Amino acid sequence: MSPSAASGFTVVELLAVMVIIGALAGFALPKLHGVSERAKIARAIGDIRAIQIDLMAIEVGGQPLPANLSAIGRAGITDPWGRPYVYFPFDTAAHGNPPGARRDRFLVPLNSSFDLYSVGPDGNTSLPLTAAASHDDIIRANDGGFIGVAEQF
């Protein structure tokens, strides 16, 4: 056997290496997607916290809540999935039962003065959290005491 014939890789060896690399990539990609989705959820939570602080500063100052987010310089802000955040100020005359408010599994409003949420990765939502379309929403509840995935509330 000549020295040049023994120095290269065979097709079988190259295929074996490619199969191993493919298997490793197959294991890594789903985990990478999960990490990416958790990062988007964390960003949405941070955005909602920041918007909430701006709105609560207005509320504490004795001013009425603005009708939309443009009044606090947050017009056009989108969630990590490219959709606008939903902000809904309540009519103060409703006294504990504002129409249009998001509701928990006992149909009690989540907040007392305003709702603020992202419709989540699927882009679908429904006012009660018990609806399947609402499970992946990123919500503000308990007047800011909880900010996270609706399914975890």
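**Exercise 1.** In which loop does Leu107 lie? Determine also whether Leu107 is buried or exposed.

*Solution.* The model is a predicted one. Step one: Leu107 is found in the loop between β1 and β2. Step two: the backbone shows a positive phi of about 60° at Leu107, although this residue is not a glycine. Step three: the relative accessible area of Leu107 is 55%. Because exposed means over 50%, Leu107 is classed as exposed.

**Exercise 2.** Describe the order of the strands in the sheet, and explain why one side of β1 and of β4 is left without a neighbour.

*Solution.* Step one: four strands form an open sheet in the order β1-β2-β3-β4, with antiparallel pairing. Step two: β1 (86-89) and β4 (146-149) stand at the edges and have a single partner strand each, so one side of each lacks a neighbour in the sheet. Step three: from one strand to the next, the twist averages 15°. Step four: β1 pairs with β2 (residues 114-118) over four bridges in the antiparallel sense. Phe88 has Asp115 in β2 as its bridge partner.

**Exercise 3.** Which strands does α2 lie across?

*Solution.* Step one: α2 comprises residues 11-60. Step two: this helix lies across β1, β2, β3 (138-141) and β4, and runs at about 160° to β2.

**Exercise 4.** Where is the place of Asn142?

*Solution.* Asn142 is in the loop between β3 and β4. Its phi is positive, about 55°, although Asn142 is not a glycine.

Key: Residues numbered from 1 in each chain as written. Predicted model: local features only at pLDDT ≥ 70, side-chain atom pairs only at ≥ 80, totals over all residues. Heavy atoms only, no water. Helix = DSSP H or I, 4+ residues; strand = E, 2+ residues; numbered from the N terminus. Pairing = 2+ DSSP bridges. Axes fitted to C-alpha atoms, helices over the stretch in contact; angles between N-to-C directions. Contact = heavy atoms within 4.5 Å. Buried < 20%, exposed > 50% of the residue type's maximum accessible area, 1.4 Å probe, protein only.
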